[in-house]
Amino acid sequence: MKPQVNIIVLVDVVGALSERTLNDGNLSLVDDGQFDSPGQGTTRLCTVVSPGQLVQWTAVAVDVQTPVEIRSITFLGSGDAALEEPDAADAQDVPAHEGTAPDLKVWSGFVPPYLVPGAPYRYRLELQMHEGPNSVLHVDSPALMSA
């Protein structure tokens, strides 16, 4: 097992802000995991991971003059069900932002051991692009799935 899976969040910021959507080709997600993750290059990437593996998301803007940052990553659960809150003892295993550094282009967390194998756990990926009232957009379609 590779100790880390990298997910690149490639954003056409100008297109996303102009069209007010991360869909329609404005967002592309790819990973370098050891498994064949479906949805490579789309917003529906389902990254196949193993319990205990480190997952790292990195935001990259196509237009280098317009910044993009990961504002938050929120897990929505497997299928249509909401993910149960972990016990306090498991809280350290929940994927979360690493550290408190202001550089939000990179987020990482460990895959918790309680994920059901084969069930996709969708997450909301929220991106901050530049500043202003319409500068935050999100997608709910990517997922992690335990092998």
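1. In this note, a residue is called buried under 20% relative accessible area, exposed over 50%, and partly exposed in between (1.4 Å probe, protein chains only). Aspartate 140, at 24% relative accessibility, therefore counts as partly exposed.

2. The model is predicted, so that local features need pLDDT of at least 70 and side-chain atom pairs count only at pLDDT 80 or more, while totals for chains, interfaces and linings use all residues. Residues are numbered from 1 along each chain as its sequence is written, and side-chain values use heavy atoms, with hydrogens and water left out.

3. A salt bridge is taken as a side-chain nitrogen of Lys or Arg within 4 Å of a carboxyl oxygen of Asp or Glu, and by this rule the count comes to three.

4. One of these salt bridges joins the side chains of aspartate 140 and arginine 124, at 2.7 Å from N to O. Aspartate 140 sits in the loop between strand S8 (136-139) and strand S9 (143-146), whereas arginine 124 belongs to strand S7, so the pair ties together parts that are 16 residues apart in sequence; strands here are DSSP runs (E, at least two residues), numbered from the N terminus. Arginine 124 is also partly exposed, with a relative accessible area of 29%.

5. Another salt bridge is formed by the side chains of glutamate 126 and arginine 71, at 3.8 Å from N to O. Because glutamate 126 lies in strand S7 (residues 120-129) and arginine 71 in strand S5 (residues 68-78), this pair ties together parts that are 55 residues apart in sequence.

Key
Helices (H or I, at least four residues) and strands (E, at least two) are DSSP runs, numbered from the N terminus.
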